[in-house]
Amino acid sequence: MGRSSGAIPTELADHRHQLAEVILAESRRAGLGRGSRLPTERQLAVDLGVTRTSVRRALMVLEAEGRISREVGRGTFLRDEPWPQDGSAGNGAAAGQSGGAELTAEAGPRPAARGGFAPADVMTIRRLVEPPAMRLVVAWATAADFEEIARCLAGSERALSYDEFESWDLALHRAIMAASHSPLLTRLYAVIEEARHGRVWGDLKRRSASRDRQHAYQADHRQLVAALRARDADRAVEAMRGHLARVAGHLFDEPA
């Protein structure tokens with residue numbers, strides 16, 4: 001990957017999700033495919049004109065999404081994308097064909113995030129959609145699905161920072177919903193995930209965050225995954241319902 005031909009506006013370069021898409025687009029433009037090793041963090045920072053901290057955060061997002069693997073002593077490698085990030089198959093290719101790393105206020109990889117969905121609306125829709133979906137996951141999840149769910153759960157358990165935990169939390173919920181094997185449901189959940197990338201949601205979640213609350217979410221996740229593995233639909237529905245009630249309580253000071 002040589003120096004990018006497009007300029008990245010500073011305010012977007014620091015957004016880890018957008019920078020993650022830029023890194024993938026530049027990798028495709030350089031002809032890198034599955035199993036290819038990415039440049040070092042230092043080289044990516046030089047090539048893209050951003051800080052190493054920004055690159056590190058973007059790579060953290062890509063690892064949580066299952067789009068790269070990071071191997072100690074060997075480097076960072078591209079993986080197959082587990083499912084399209086925008087609900088369609090052509091997002092990455094389109095990004096690579098439309099100016100590489102260049103991003104503008106009018107065109108970017110995450111338009112819904114800029115739509116400013118109200119956090120209360122996001123939470124209401126999550127509580128309507130996610131608990132009932134657990135019955136589909138129980139019915140259709142495969143061994144490979146549980147492997148991906150376990151990977152994300154382990155990532156959240158070892159997270160050392162708020163941002164790292166949030167990335168793995170997003171990845172875990174995404175992997176669980178993808179295990180429903182319902183294309184329409186995963187497409188709908190992609191919109192919910194876009195909303196969770198919004199600044200208003202992010203600011204509210206950050207203000208409500210604490211180490212104790214993170215530990216509570218981790219306990220919820222373990223309980224949920226155990227119910228899914230046991231193919232216990234009723235227990236999985238209640239576990240997801242309880243988890244989302246806890247999140248809403250922390251965000252909006254609601255009773256759990």
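**Helix packing, the hairpin and a buried glutamine**

Helix H3 meets helix H4 through Glu-41, Arg-42, Leu-44 and Ala-45 on the H3 side and Arg-52, Val-55, Arg-56 and Leu-59 on the H4 side, where contact means heavy atoms within 4.5 Å. By class, this contact of H3 with H4 contains four nonpolar residues, four charged residues and no polar ones (nonpolar: Ala, Val, Leu, Ile, Met, Phe, Trp, Tyr, Cys and Pro; charged: Asp, Glu, Lys and Arg; polar: the others, Gly among them). The model is predicted, with local features requiring pLDDT of at least 70 and side-chain atom pairs pLDDT 80 or more, while totals for chains, interfaces and linings use all residues. Residues are numbered from 1 along each chain as its sequence is written, and side-chain values use heavy atoms, without hydrogens and water.

H3 spans residues 41-48 and H4 spans residues 52-64, and the two pack at an angle of about 110° with their axes 9 Å apart (axes are lines fitted to C-alpha atoms, for helices over the stretch in contact, with angles from 0 to 180 degrees between N-to-C directions). H3 and H4 are therefore roughly perpendicular to each other (65 to 115 degrees; under 35 is roughly parallel, over 145 roughly antiparallel, the rest oblique).

The protein as a whole has 12 helices and two strands (DSSP runs numbered from the N terminus: helices are H or I, at least four residues, and strands are E, at least two). Read from the N terminus on, the elements follow the order α-α-α-α-β-β-α-α-α-α-α-α-α-α. Of the 256 residues, 50% are buried (under 20% relative accessible area; exposed is over 50%, partly exposed in between, with a 1.4 Å probe and protein chains only).

Three residues lie between the strands of the hairpin, in which Gly-73 adopts a positive phi near 85°.

The contact of H6 with H12 holds 16 nonpolar and six charged residues, and no polar ones.

Gln-218 lies in H11 (residues 211-229) and, with a relative accessible area of 6%, is buried. Residues up to four places away in sequence being left out, Gln-218 touches Ser-156, Glu-157 and Phe-165. Glu-157, in turn, belongs to H7 (residues 143-157) and is partly exposed, its relative accessible area being 32%. Apart from neighbours within four places in sequence, Glu-157 is in contact with Gln-218 and Arg-222. The C-alpha atoms of Glu-157 and Gln-214 are 9.5 Å apart in space, although these residues are 57 residues apart in sequence.

Methods: Two strands pair if DSSP finds at least two bridges between them.
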